[in-house]
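Please open the model in a viewer and keep the sequence at hand.

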Amino acid sequence: MLIAGNWKMYKGASEAAEFCARLRDRESELEGTDVVVCPPYTSLHHSVAVLAGTSIAVFAQNVHWATEGPYTGEVSAPMLRELGVTGAIVAHSERRQLFAETDETSALRVEGALEGGLSVIACVGETEDEREAGETESVLRRQVEALRTVVDEDHLDRLALAYEPVWAIGTGRTAAPEQAEEAHELIKSILDAPVLYGGSVKPDNASELLSQRNVDGALVGGASLELDSFIEICRAGATA
Ligand code: PGA
């Protein structure tokens, strides 16, 4: 079970270091779960330093496909690895919706990150309009197919997908466990990798979601920003 905290654009360097120190002090409570935190770029160095020697991994929230080049505002896999960052989220719906990330650029990023030695959490998920129009399956198929074509079999052990229905992100509305299970089963039938659920995961709904057969972990936004709720979700992962 993998529980990843996506901090989005929250927690600058000193706040991140302080949070990681408190998380480190409670590492024994995380036993039985693989735990990842995903701070903003400027907080990565501090987070890696504080969590060194623990089993808690630090991932970035995005990564470019090239190793270097004229890409203003972007960061590459070798640059992240030099810091001690071991993975990255790719294609989060906020990147797709607000920053013009497409299936094509998402696939390039996943490919570049895996080739660059990083682990990847690649996000897919339908919008509310798409679900209401009965397009959930076709959207997921399109998004996952785009990733499948670029993933080298040898790198599969470093890839996880995250099913994040856009209508459930930051809204307090989670997918019903059966809806998540159905989507995860579909995703795995196209690309055989662990699939995390994301979208308003909280301490009080984590156990039910995580106990679904094809739910292999969670990508947690809001509830990962507060230590007690994040640890509670990690513990739900250990017992699910
Ligand atoms: P949320 O965010 O848990 O706040 O809904 C999840 C995500 O965006 O990864």
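Predicted model: local features only at pLDDT ≥ 70, side-chain atom pairs only at ≥ 80, totals over all residues.

Residues are numbered from 1 along each chain as its sequence is written, and side-chain values use heavy atoms, with hydrogens and water left out.

Begin with the strands (DSSP runs of E, at least two residues, numbered from the N terminus). A closed barrel of 8 strands runs 1-2-3-4-5-6-7-8 with parallel pairing; strands pair if DSSP finds at least two bridges between them. Neighbouring strands of this sheet are turned by 25° against each other on average, direction ignored.

Next, select residues 119-124 and 159-163: these are strands 5 and 6, which run parallel and are joined by 5 bridges. Val 124 has Tyr 163 of strand 6 as its bridge partner.

Finally, select the ligand. Which residues are closest to the ligand? Of the 13 that surround it, the closest are Lys 8, His 92, Glu 164, Gly 170 and Ser 200; a residue counts if one of its heavy atoms lies within 4 Å. A side-chain N or O atom of Lys 8 is 2.7 Å from a ligand oxygen atom. A polar side-chain atom of Glu 164 also lies 2.7 Å from an oxygen atom of the ligand.

Methods: Helix = DSSP H or I, 4+ residues; strand = E, 2+ residues; numbered from the N terminus. Axes fitted to C-alpha atoms, helices over the stretch in contact; angles between N-to-C directions. Polar contact = N/O pair within 3.5 Å; in protein donor to acceptor, adjacent residues only side chain to side chain.
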